[in-house]
Amino acid sequence: MAEIFRISGGNPLSGTVRISGSKNATVALIPAAILAYDGTVTIGGVPSISDVGFLADLLKELGVMVVQKADTLIIDPTHMKNAPLEHESVTKLRASYYFMGALLGKYGEVRMKMPGGCYLGPRPIDLHLKGFEALGASVDYQQGSYHISAKKLTGTNIYLDISSVGATINIMMAAVYAEGKTTINNAAKEPEIIDVATLLNKMGANIRGAGTDVITIEGVTRMYGCYHEIIPDRIEAGTFLIIAAAAASELTVENIIPLHLEALISKLKEMNVDMDVAVDQVTIRKSNGLKPVDVQTLPYPGFATDLQQLLTVLLTQANGQSRIRETIYAERFKHCVELQRMGADIVLGQGQAIINGPTVLYGDRVSATDLRCGASLVVAGLIAQGETLISKIHHIDRGYDNLDGKLQALGAKIVREDFPDAEG
Ligand code: EPU
């Protein structure tokens, strides 16, 4: 027995939806909190997603006290111990790798299983490990587990061959207690990196330049508890903007930082989507005559790879041929195969998809092969004729806070039910 979404398409949505805290910030902020020696780290605006539960399992393995009250997480690392992370939750999400940087930074040693996460093609962590080595650590990988240790961590100059989000955050965490100054060149600039640096600085770290491509970290000797409110999730916000453009008569998306979504907003404008952008909300009205566009995914502030899968669905409704080039994860096109089953005219090539629109989508049985694929199938189900059944929705629950509930409140016919035949 596994849960599925059953969606009856074709109901115009309307109303207001509020965006939750950023998943990709949350999954880094939680491991970052263990760097405190004194006091509790309280994180507000925590989204209700299963990734938070997996990380809480790992905190418990480490003897960290964790209490959740509504959307607030209170993390008390005062009596933690540096235990090996062998719990199966390590393999449930990619972000478990942030415990590498945090534990190495705090104790000079970490033992943990290989992290998991969505399959989007190869996702190496060589840049994280090279960064740890540059700080003075040695890395040993045997039988599916890492042992990373350092007698002493010393600040140094690091150049990232690729501006990796994960490597930038992991190196920042490993370097907060290192002796002297660490410089990360070609650092990633995603808003989630600024959020993590902000938390670490509130805890007593000395990090400058987050949000630019040069980040410096001056080592400190002690860090403390604090309160931090997570930034809104720009990918959830983008998901609802795309839902609005595809399926709403009028929909307002609130608790949103439009600056974080500039690449998507300008593409939607280019597509002729009727929208008003305010300080912290965007309203989209039913738009006729959607135009096709070419999109290339890039590191922030470029067009987010996480939104590429969602935009694909909207492009099936545009009048003409669109092209998506995926430069971050060449194999991130599993959603296209599912959309083809629903009637989409998509031609897949090496690292790209050509979408010919407009096409009518028809409800079918489809599978959420990864998180954003799942969300894109929800959008497709909302505009499809007939009924769509989406299996493997545990992938969606990893990263969206109450997606079905939020959609129901906007008038969508989406229900979650147990389904005997659904694959886990
Ligand atoms: N890369 C390497 N070596 C490394 C690290 C990365 O070659 O050591 C490559 C990757 O293979 C990829 C590129 O560098 O081609 C960028 O990867 P990055 O490290 O930036 O990605 P990530 O940190 O693993 C985060 C998000 C992803 C999002 C990417 C890109 C989290 C937990 N995950 O992954 O989010 O797609 O950045 O923006 O923050 C999602 O939310 O659905 C999701 C997959």
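Student: In which pocket does the ligand sit?

Tutor: In this predicted model, the ligand sits in the largest pocket. The elements that contribute two or more residues each to the shell around the ligand are α1 (23-33), α4 (126-134), α5 (165-175), α9 (305-315) and α11 (371-383). Seen by domain, the shell takes at least three residues from domain 1 (2-17 + 233-419) and at least three from domain 2 (25-229). Sorted by class, the shell consists of 12 nonpolar, five polar and seven charged residues. Of the 24 residues around the ligand, those that come nearest are Leu127, Ser164, Asp306, Ile328 and Arg372.

Turning to individual atom pairs, a backbone N or O atom of leucine 127 is found 2.7 Å from an oxygen atom of the ligand, while a polar backbone atom of glycine 166 lies 2.8 Å from an oxygen atom of the ligand. For isoleucine 328, the distance between a polar backbone atom and an oxygen atom of the ligand is 2.6 Å. On its own the ligand has 830 Å² of accessible area, and the protein covers 89% of it.

One further detail concerns the loop between β17 (294-296) and α9, where proline 301 has its place; α9 is among the elements that give two or more residues to the shell. Tyrosine 300 and proline 301 are joined by a cis peptide bond, with omega at about 10°, and this deserves a second look because most peptide bonds are trans.

Definitions and conventions:
Residues are numbered from 1 along each chain as its sequence is written. This is a predicted model: local features need pLDDT of at least 70, side-chain atom pairs count only at pLDDT 80 or more; totals for chains, interfaces and linings use all residues. Side-chain values use heavy atoms; hydrogens and water are left out. A residue is near a molecule or strand if one of its heavy atoms lies within 4 Å of it. A polar contact is a pair of N or O atoms within 3.5 Å; within protein, one must be able to donate a hydrogen and the other to accept it, and residues adjacent in sequence count only if both atoms are side-chain atoms. Accessible areas come from the Shrake-Rupley method with a 1.4 Å probe; for residues, only the protein chains shown count as cover. On a 1 Å grid over the protein atoms alone, a cavity is a set of points where a 1.4 Å probe fits but cannot get out, and a pocket is an open set with protein on both sides within 12 Å along at least five of seven lines; lining residues have an atom within 4 Å of a point. A molecule sits in a cavity or pocket if more than half of its atoms lie within 2 Å of its grid points. Helices (H or I, at least four residues) and strands (E, at least two) are DSSP runs, numbered from the N terminus. Ala, Val, Leu, Ile, Met, Phe, Trp, Tyr, Cys and Pro count as nonpolar, Asp, Glu, Lys and Arg as charged, and the others, Gly among them, as polar. Domain bounds come from an automatic or database domain assignment.
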